[in-house]
Amino acid sequence: MLYHYTDFSAFDGIIRCAELRLNNILNMNDTAEMRLFMNGIRRAVVDRLEEDQDKVAMENAELFFRKELAKEFHYSAYAACFSKYRDDAAQWERYGHVGQGVCIAFHEELLRKMVGGAISLQEVYYQDDISNHPLVNEFYHAFHQDEPLSRPLQDIMEDAWTQSAAFKHPSFASEKEFRLVVSPFVSNDFAIEPKYQVSMDRIKKYYPLDLNRMCGKLSMHLADLVGEIIIGPTSPQSLPILEDYLDDCGLNVLKARISLSDCPLRKPTN
């Protein structure tokens, strides 16, 4: 299972509306998202060129990366996040509305069958040393003027931005995270239009995944995808009302998959 911790408002969007929102990774709680990987690639490439005392190539690389890294919003990936951990205190506190929310368990194997094209299911890697990544070697050779390019430099950069969505700082390793990721900039046939969530203080851009459509392509129902619904450890949610809600959503089969969290998380105090 892959566990998605959230609040009941987002739960309603997933269950009743069959819509899973992919949010901008650059706005998530790790401020180094994508930047950690890209800066690591840049440093590793420049360091290797400096060791060769290739001043021209080193300056060209620095200039290229400086221009490309300034375009980070254009290259933004969008994701929905999951954990391998069931009923985990840290996940409840960070993503489950401080334990007052809900966790939806999805069958990983079915998620993998549903994705494709511009949408991928990625396991997150936790490391800050990127020097041995294969892209470092590809960039390194690209900046040697006397060597033929294996592919256009811009293609290598787009590949790097895409892969950057799967790397986080090691301090987040305890999350054991997986992500449904889309990088809209790399695919001309990506047909999903962005939407915008307007709140009192800001406007957020996101991409909605139509779960009914994606499930339908595999001749399955949304209920087949959901393995469990866990009510948060500090949630005031009424079990009978949640069961009525699932009935009215046409998902009465999910009532037997509701459980209550066993996590002894302390309720927030005023």
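This is a predicted model: local features need pLDDT of at least 70, side-chain atom pairs count only at pLDDT 80 or more; totals for chains, interfaces and linings use all residues.
Biologist: OK, S83 then. Where is it, and is it buried or exposed?
Modeller: S83 sits in strand β3, residues 78-83, where strands (E, at least two residues) and helices (H or I, at least four) are DSSP runs numbered from the N terminus. At 0% relative accessibility S83 counts as buried, given that buried means under 20% relative accessible area, exposed over 50% and partly exposed in between, with a 1.4 Å probe and protein chains only.

Biologist: And what does the side chain of S83 reach?
Modeller: The S83 side chain reaches the backbone nitrogen of Y85 at 2.9 Å and the backbone oxygen of E175 at 2.8 Å. Those are polar contacts, meaning a pair of N or O atoms within 3.5 Å; within protein, one must be able to donate a hydrogen and the other to accept it, and residues adjacent in sequence count only if both atoms are side-chain atoms.

Biologist: Which residues does S83 touch, leaving out those up to four places away in sequence?
Modeller: With contact taken as heavy atoms within 4.5 Å, S83 touches M1, L2, Y3, Y5, Q91, E175, K176 and E177.

Biologist: K176 is on that list. What is its phi?
Modeller: K176 has a positive phi of about 45°, although it is not a glycine. Most residues other than glycine have a negative phi. K176 lies in the loop between β7 (167-168) and β8 (177-182), and with 41% relative accessibility it is partly exposed.

Biologist: What about V98?
Modeller: V98 is not a glycine either, and its phi is positive at about 50°. V98 is placed in the loop between α4 (89-95) and β4 (102-106), and is partly exposed with a relative accessible area of 37%.

Biologist: Switching to helices, how do α3 and α7 cross?
Modeller: The axes of α3 (residues 55-69) and α7 (residues 153-164) come within 12 Å and cross at roughly 50°. Axes here are lines fitted to C-alpha atoms, for helices over the stretch in contact, and angles run from 0 to 180 degrees between N-to-C directions. The two helices are therefore oblique to each other, since under 35 degrees counts as roughly parallel, over 145 as roughly antiparallel, 65 to 115 as roughly perpendicular and the rest as oblique.

Biologist: Which residues meet there?
Modeller: From α3, F64, F65, E68 and L69 meet L153, Q154, M157 and W161 of α7. Those residues divide into 6 nonpolar, 1 polar and 1 charged, where Ala, Val, Leu, Ile, Met, Phe, Trp, Tyr, Cys and Pro count as nonpolar, Asp, Glu, Lys and Arg as charged, and the others, Gly among them, as polar.

Biologist: Last one, N24: where is it, and what does its side chain contact?
Modeller: N24 is in strand β2, residues 19-24, and is buried, with a relative accessible area of 4%. The N24 side chain makes a polar contact with the side chain of Y78 at 3.4 Å.

Conventions:
Residues are numbered from 1 along each chain as its sequence is written. Side-chain values use heavy atoms; hydrogens and water are left out.
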